[in-house]
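Thanks for coming. Please look at the model first.

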Amino acid sequence: MSTTGLSLYAIPAGWIVAAAPHWYAGWLSKVSPDMKFFDNSAPREFLARVRAQEKQTPDVGKFLRAEAAQQNGYENLPLFAAALVVGELTELPGMTLFAGFYLGTRLLYNYIYIRSTTRRMGAFRSATYMVGLVSCLSIFVKAGNALNRARLLK
């Protein structure tokens with residue numbers, strides 16, 4: 001059994017999916033009357049100023065949730081990348097399908113995170129996160145099983 005390695009292209013795609021909420025937040029800060037134009041010379045200070053605003057309008061909330069979604073995406077990217085590499089190295093079938101599935105869950109997660117304003121939506125966001133997380137962890141289990149089977153056959 002051999003793999004194509006196509007799933008590894010999902011690593012840069014994963015970075016783009018993780019960064020997309022930040023780009024949305026930058027655009028939102030430009031068009032919203034509730035925030036000054038995004039200051040790219042000091043983005044973290046701009047974020048801190050937005051957080052400190054007393055007036056938390058819907059646009060400010062979307063901005064803050066978009067930035068949080070971006071941070072979560074970056075925090076989860078190493079696990080996704082490691083799962084892809086391990087899956088490819090152990091020649092697990094379906095790695096391209098896994099990559100697409102995970103990226104789909106992350107896109108849905110970003111959308112829900114930015115738009116959610118209720119506990120129910122927060123719970124749905126968390127469920128979406130868990131589906132993506134479990135899919136990554138399952139790759140490690142499958143890879144471990146494949147390695148153990150290969151060792152038993154020697």
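Which residues line the largest cavity? They are Gly14, Val17, Ala18, Gly73, Asn76, Leu77, Phe80, Tyr102, Leu103 and Arg106. Before going on, note that this is a predicted model, where local features need pLDDT of at least 70 and side-chain atom pairs count only at pLDDT 80 or more, while totals for chains, interfaces and linings use all residues. Residues are numbered from 1 along each chain as its sequence is written, and side-chain values use heavy atoms, with hydrogens and water left out.

Now the terms. On a 1 Å grid over the protein atoms alone, a cavity is a set of points where a 1.4 Å probe fits but cannot get out; a pocket is an open set with protein on both sides within 12 Å along at least five of seven lines; and lining residues have an atom within 4 Å of a point. Grid points are joined across faces, edges and corners, and a volume is the space filled by probe spheres set on the points.

There are 2 cavities of 30 Å³ or more. Helix H1 (10-31), H3 and helix H4 (95-115) each give two or more residues to its lining, and H3 gives the most, with 4 residues. Helices here are DSSP runs of H or I, at least four residues, numbered from the N terminus.

The second largest cavity holds about 40 Å³. Its lining consists of Asn76, Tyr102, Thr105, Arg106, Thr128, Tyr129, Gly132 and Leu133.

Thr128 sits in helix H5 (residues 119-153). Is Thr128 buried or exposed? Thr128 counts as buried because its relative accessible area is 8%, and buried means under 20%, exposed over 50%, partly exposed in between, with a 1.4 Å probe and protein chains only. Leaving out residues up to four places away in sequence, Thr128 touches Thr105, Leu108, Tyr109 and Ile112, where contact means heavy atoms within 4.5 Å. A polar atom of the Thr128 side chain also lies 2.9 Å from the backbone oxygen of Phe124.

Last, the largest pocket, with a volume of about 250 Å³. Helix H2 (43-52) and helix H3 (58-89) are the elements giving two or more residues to its lining. Among the lining residues are His22, Phe38, Arg44 and Glu67.

Methods
Polar contact = N/O pair within 3.5 Å; in protein donor to acceptor, adjacent residues only side chain to side chain.
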